[in-house]
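Please read the following note beside the model, taking the points in order.

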Amino acid sequence: MRFWFIVLAALLPACARDLVPRTPSARSIVLREEVVIAATPQRVWAVLVDLPSYSRWNPWLNQVEGKAETGATVWADVMLGEDWRRAEHVVLAVEPYTRFCWRDAGWTTAFVYGQRCRWLVLQPDGTVLFRQELLLEGSSKKTALRRYGPALRAGMAAETAALRRRAESGP
């Protein structure tokens, strides 16, 4: 038991300082979801970064507390299968109308690094291609995928569809 405490204590400080979004490597697991949204980048962005309003439209993340500011801590109730879990995140990137990223910040980051980035890409017809990626890395990433993969995929799909509905419905 003491050995694992020492390992965890050694790993967490490195994770805690990680404030730059990671680029997926050949060893990363990446889950992706995307949709075209018939709204302006400004409208989609406004919905995406209004964290306290997630409870009104987002079936995957509810009761989100925090600010969409680089380095800020964000707490969210996350639906994983049938269970709600409280999760801590750290905001890594806030690039208006372009990219919004955060990473998990709980104790599990010593074993599985989880990072979610969302991109907005203006299309020639004025619509927005919304894309999100969930990057998993670390010694237990395959275990996490086996245990939570279906719930993560379902959550990402539900959130993406709900974002589209919310952004297209107007202010």
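1. Glu133 counts as buried at 11% relative accessibility, where buried means under 20% relative accessible area, exposed over 50% and partly exposed in between (1.4 Å probe, protein chains only). Its salt-bridge partner is Arg131, with the closest N and O atoms 3.2 Å apart; the term requires a side-chain nitrogen of Lys or Arg within 4 Å of a carboxyl oxygen of Asp or Glu. Arg131 is partly exposed, at 25%, and shared partners join Arg32, Arg131 and Glu133 into one network.

2. This is a predicted model, in which local features need pLDDT of at least 70 and side-chain atom pairs pLDDT 80 or more, while totals for chains, interfaces and linings use all residues. Residues are numbered from 1 along each chain as its sequence is written, and side-chain values use heavy atoms, leaving out hydrogens and water.

3. Eight salt bridges are found in the whole structure. In one of them, Arg116 meets Glu159 with the closest N and O atoms 2.5 Å apart. Because Arg116 lies in strand β6 (residues 113–122) and Glu159 in helix α4, this pair ties together parts 43 residues apart in sequence; helices (H or I, at least four residues) and strands (E, at least two) are DSSP runs, numbered from the N terminus. Both Arg116 and Glu159 are buried.
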